[in-house]
Amino acid sequence: MAEALLEVKNVKKYFKTPKGMLHAVDDVTFSINKGETLGVVGESGCGKSTTGRVVLRLLEPTAGQILMEGQDIAKLSEGQMRSKRKEMQMIFQDPLASLDPRKTVGQIIEEPLKIHNIISSRAERQKRVLELMEIVGLAQRYYATYPHELDGGRRQRIGIARALSMNPKFIVCDEPVSALDISIQAQILNLLEDLQQEMGLTYMFITHDLSVVHHFSNNIAVMYLGKIIELASSDELFAHPTHPYTQALLSAIPVPKLENRRERIILKGEITSPINLPKACRFASRCLYATKQCFGEEPDLKEIAPGHQVACFLKDKPD
Ligand code: SF4
């Protein structure tokens, strides 16, 4: 039976703002099995990146448990967390912004090995950096090159090599391909997939683009205004999208075969403010099927089929 590497239970992340409390992540629960990928999908501002940062404790959770192999890392001290963080790495959307422009490729990849004193000998460190460059498909000739001299795909390979230098078990990939050209996107996705198989890595893959995670993820969580509103296996979600928001996201994916095309659902209406949220379905202001109940109550995430959870009152009623 598959074993969970990460279990996130009722995690919240609120920010105080001058206008009130911003519910960036609001009672989110999910788990990721060892060696598997959870795709986390939603529009900008839905809380997906904040969730990734809270899971790595780059942001402190307001409430909830983050169990990594059964240990609640939300309770670890700063010192304990520093050592734990080696196992939990992140790959960022914009490689150029996340890489120090004054350092060469070799220095950037070497840095975590030095900071965490993983390899003390300079010659051994250089050997390891060259190994990591080979693993991610970066030619040795780029060792002394600066990131701005490389294209987006190669820069993302530096970010991946840097994350791998710590021998992590778990990586949060935050929109790792959205700044890249389509052809380069495929190369980076293939690289991440190969690395997962070779090293048994577990990924949380954050993206605004459902089509990117379809073949890449075992499970997909769709987020809207800080909440998971649908969670299912990737195949189940694409075969039976149930929440009206998921249906709208899927309808926007271009499909080459005419007979497989879904009718495009254009979302209208204002997005509800995540500050001082009303007691209502967060999608009600844009939902084609909203009823009076939706504006007065918030639906819970409920299992509608094995492994398929949805937060929508429509699914509470018999078909
Ligand atoms: Fe739409 Fe109501 Fe379902 Fe919310 S609960 S998604 S408003 S039908």
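A pocket, as the word is used here, is an open set of grid points where a 1.4 Å probe fits, with protein on both sides within 12 Å along at least five of seven lines. In this predicted model, the second largest pocket has a volume of about 300 Å³. Its lining is made up of 17 residues, and Lys 227, Ile 228, Pro 299, Asp 300 and Leu 301 are the ones nearest the centre. Strand E2 (20-33) and strand E10 (227-233) each contribute at least two residues to this lining. Sorted by class, the lining of the second largest pocket holds 9 nonpolar, 3 polar and 5 charged residues.

At least two lining residues come from each of strand E6 (88-91), helix H3 (95-98), helix H4 (105-115) and helix H6 (152-164). The lining of the largest pocket comprises 12 nonpolar, 5 polar and 4 charged residues.

The largest nonpolar core contains 55 residues, and Ile 160 and Leu 210 have the most contacts inside it. A second, separate core has 30 residues, among them Val 8, Val 28, Met 88 and Ala 221. Beyond its neighbours within four places in sequence, Leu 210 touches Val 41, Ile 220, Leu 237, Phe 238, Leu 249, Leu 250 and Ile 253, in the sense of contact.

The buried residues are Lys 48, Thr 50, Thr 51, Gly 52, Val 54 and Val 55. Just after H1 comes Arg 57, which adopts a positive phi of about 60°.

Two loop residues complete the picture. Ser 217 sits in the loop between helix H8 (210-213) and strand E9 (219-224). Its relative accessible area is 7%, so Ser 217 counts as buried, the cut-off being under 20%. The side chain of Ser 217 comes to 3.4 Å from the backbone nitrogen of Gly 39. Apart from neighbours within four places in sequence, Ser 217 is in contact with Thr 37, Leu 38, Gly 39 and Ser 234.

Ile 275 belongs to the loop between helix H10 (244-251) and strand E11 (302-305). Although Ile 275 and His 23 are 252 residues apart along the chain, their C-alpha atoms are separated by 6.3 Å. With neighbours within four places in sequence set aside, the contacts of Ile 275 are Thr 17, Lys 19, Gly 20, Met 21 and Leu 22.

Definitions and conventions
Residues numbered from 1 in each chain as written. Predicted model: local features only at pLDDT ≥ 70, side-chain atom pairs only at ≥ 80, totals over all residues. Heavy atoms only, no water. Buried < 20%, exposed > 50% of the residue type's maximum accessible area, 1.4 Å probe, protein only. Helix = DSSP H or I, 4+ residues; strand = E, 2+ residues; numbered from the N terminus. Core = buried A, V, L, I, M, F, W, Y, C linked by side-chain atoms within 4.5 Å. Contact = heavy atoms within 4.5 Å. Polar contact = N/O pair within 3.5 Å; in protein donor to acceptor, adjacent residues only side chain to side chain. Nonpolar A, V, L, I, M, F, W, Y, C, P; charged D, E, K, R; others polar. 1 Å grid on protein atoms, 1.4 Å probe; cavity = no way out; pocket = protein on both sides within 12 Å on 5 of 7 lines; lining within 4 Å. Points joined across faces, edges and corners; volume = space filled by probe spheres on them.
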